[in-house]
Amino acid sequence: MGIASIIVFILGYLAITLEHPLKINKTATALVTGVLVWTLYAISTGDASELGHHLASTSEILFFLLGAMTLVELVDAHQGFYFVSRLIKTDKVIKLLWIVGLITFFMSAVLDNLTSSIVMVTLLRKLISNKETRKYFVGIVVIAANAGGAWSPIGDVTTTMLWIGGQISATGIIQSLLLPSLVALLVPLIIASYVLKNQAIGQAAASVALSSTEERDGKIMLFAGAGSLIGVPIFKTLTHLPPYMGILLALGIVWILSELLHSEKDEEAKKHLSVGYALTKIDTSSILFFLGILLAIGGLESFGYLHALSDQLAHALGNQNLIVTIIGLASAVVDNVPLVAATMGMYSLTDFPMDHVMWEYLAFCAGTGGSILIIGSAAGVAVMGMEKIEFGWYLKKIGFLALLGYFAGAGLYLLLH
């Protein structure tokens, strides 16, 4: 049954990576794969109690993502991110490139890389009408969003997984990865500045007119949402409660605030400003995809295959940093969530305690390595659909920049540690 579970996992993984040619949604494949792996485990051992252990840790991640996504959508419904565009006041292409890159970098650390990418691409559509120039900017947004998410415990699904799992601490990951992640962005920005110096921006779109009440509500929700997200790591540090408790508290507070802001409006007028509406906008499919993948990885861990794989890698390659570097490069092709989940199952906190170099370096490599190909991260896949960016174009124009940034940031981290 153990060998059968590996075959099921490999076939499921292939179907996920070939989602578009097969025309089968990867979430459906992930759910079927996860259930089948555990079915084989239950049949072979006659014990399903292990499932409860893995489901508890998986649920923490899913509740965190659900709360964070809902909170961000609630802020967006109030036009909160519209005010970010007001920070961008230039028609000079190089200056705009650096402003967009740095704003995305720090925004993704507070929100997450996927949301930040979507917000910034929406803003770029208003700022840049020249499609070819905008595609370059969107490529930089992907690099900046993934780099920004790597140094924050709430900036990327993989860093959130490591934070919730106890492999990294909020202060530890920020202190260790801020500079390497920034370098992973600065190197592509410097090169792109030379490439784009003669490019035209085009005509900016007219700005959206908001009423004084909408402006007030938008600003309140933006600061409340960002402040509550920043407060989640602080809440965990002070209370020692799991991070998902902090994000649920943050969502509850912002939810109450939104209700108070619109208490005088009738139900129809405030319908699109409610949490109910925000819940319809979140990417539920992604949450279910993570559920299926994490269950499948948990099943393989229970079979004991992940620990066996770690031993084989250590024997074949020897150098732990080399292994993690390869995992980061692999995340450009394979989704980084299952890669990190598998790595968490391969190595224990006994061998590598919290904030060990291995875990921090894994967070950096898995987060930034996904920028090398446009299919390597959720941010890349999202903007690929929004801007109709071709795989080959991204590989030729942006992939090499991301690769240089990846090795520059990795080199700096290893040099510092």
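Predicted model: local features only at pLDDT ≥ 70, side-chain atom pairs only at ≥ 80, totals over all residues.
Mentor: Local features here need pLDDT of at least 70, side-chain atom pairs count only at pLDDT 80 or more, and totals for chains, interfaces and linings use all residues. Residues are numbered from 1 along each chain as its sequence is written, and side-chain values use heavy atoms, with hydrogens and water left out.

Trainee: Why is S228 called buried?
Mentor: Buried means under 20% relative accessible area, exposed over 50%, partly exposed in between (1.4 Å probe, protein chains only). S228 has 15%, so S228 counts as buried.

Trainee: What does S228 contact, leaving aside neighbours within four places in sequence?
Mentor: S228 is in contact (heavy atoms within 4.5 Å) with L71, A250 and V254.

Trainee: Why is L404 called partly exposed?
Mentor: L404 has a relative accessible area of 31%, so L404 is partly exposed. L404 lies in helix α20 (residues 391-416). Helices are DSSP runs of H or I, at least four residues, numbered from the N terminus.

Trainee: What makes the pair K219 and E215 a salt bridge?
Mentor: A salt bridge needs a side-chain nitrogen of Lys or Arg within 4 Å of a carboxyl oxygen of Asp or Glu. The closest N and O atoms of K219 and E215 are 3.9 Å apart, so the pair forms a salt bridge.

Trainee: Which residue meets D217 in a salt bridge?
Mentor: R216, at 2.7 Å, N to O. D217 is buried at 3% relative accessibility. R216 is partly exposed at 43%.

Methods: Helix = DSSP H or I, 4+ residues; strand = E, 2+ residues; numbered from the N terminus.
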